[in-house]
Amino acid sequence: MRQVDVASYLGIAQTIYSRYERGYQTIPVEHLIKLSKLYKVSTDYLLGLTENPKQNK
């Protein structure tokens, strides 16, 4: 997905999402949860805390 598409999904500007990806800005929990649902992976996976992308149900 393009940054502009993900940013639109989150309801933010593309520049803000770019800052999340580059580590220049902390991602809010609500955006982290939305990304987890969008990509169907766990938040721990997105945060680099596990190599297992599976979501807990």
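**An aromatic pair, a core and a pocket**

Searching the whole structure turns up one aromatic pair (ring centres of Phe, Tyr or Trp, the last by its six-membered ring, within 6.5 Å; planes under 30 degrees apart are stacked, over 60 edge-to-face, the rest tilted). The ring centres of Tyr17 and Tyr20 sit 6.3 Å apart with the planes at 80°, so this pair is edge-to-face. This is a predicted model, where local features need pLDDT of at least 70 and side-chain atom pairs count only at pLDDT 80 or more, while totals for chains, interfaces and linings use all residues. Residues are numbered from 1 along each chain as its sequence is written, and side-chain values use heavy atoms, with hydrogens and water left out.

Both tyrosines belong to helix 2, three residues apart, or about one turn of the helix (helices are DSSP runs of H or I with at least four residues, numbered from the N terminus). Tyr17 and Tyr20 are both buried (under 20% relative accessible area with a 1.4 Å probe, protein chains only; exposed is over 50%, partly exposed in between). Leaving aside residues up to four places away in sequence, Tyr17 touches Gln3, Val6, Ala7, Leu10, Ile12, Leu35 and Tyr39 (contact: heavy atoms within 4.5 Å).

The pair also turns up in the largest nonpolar core, whose six residues are Val6, Ala7, Leu10, Tyr17, Tyr20 and Leu35 (a core is a set of buried Ala, Val, Leu, Ile, Met, Phe, Trp, Tyr and Cys joined through side-chain atoms within 4.5 Å). Helix 1 (3–10) and helix 2 (14–22) each give this core at least two residues, and helix 1 has the largest share, with three. Over in helix 3 (residues 29–39) is His31, buried at a relative accessible area of 11%. His31 touches Leu10, Ile12 and Tyr20, again not counting residues up to four places away in sequence.

The largest pocket holds about 200 Å³ of space (an open set of points on a 1 Å grid over the protein atoms alone, with protein on both sides within 12 Å along at least five of seven lines; lining residues have an atom within 4 Å of a point; the volume is the space filled by probe spheres set on the points, which are joined across faces, edges and corners). Among its lining residues are Tyr17, Tyr20, Leu35 and Tyr39. Helices 2 and 3 each supply at least two lining residues.

Finally, Lys40 lies in the loop between helix 3 and helix 4 (43–46). Its phi is near 55°, a positive value in a non-glycine residue, and Lys40 is exposed, with a relative accessible area of 63%.

Technical notes
1 Å grid on protein atoms, 1.4 Å probe; cavity = no way out; pocket = protein on both sides within 12 Å on 5 of 7 lines; lining within 4 Å.
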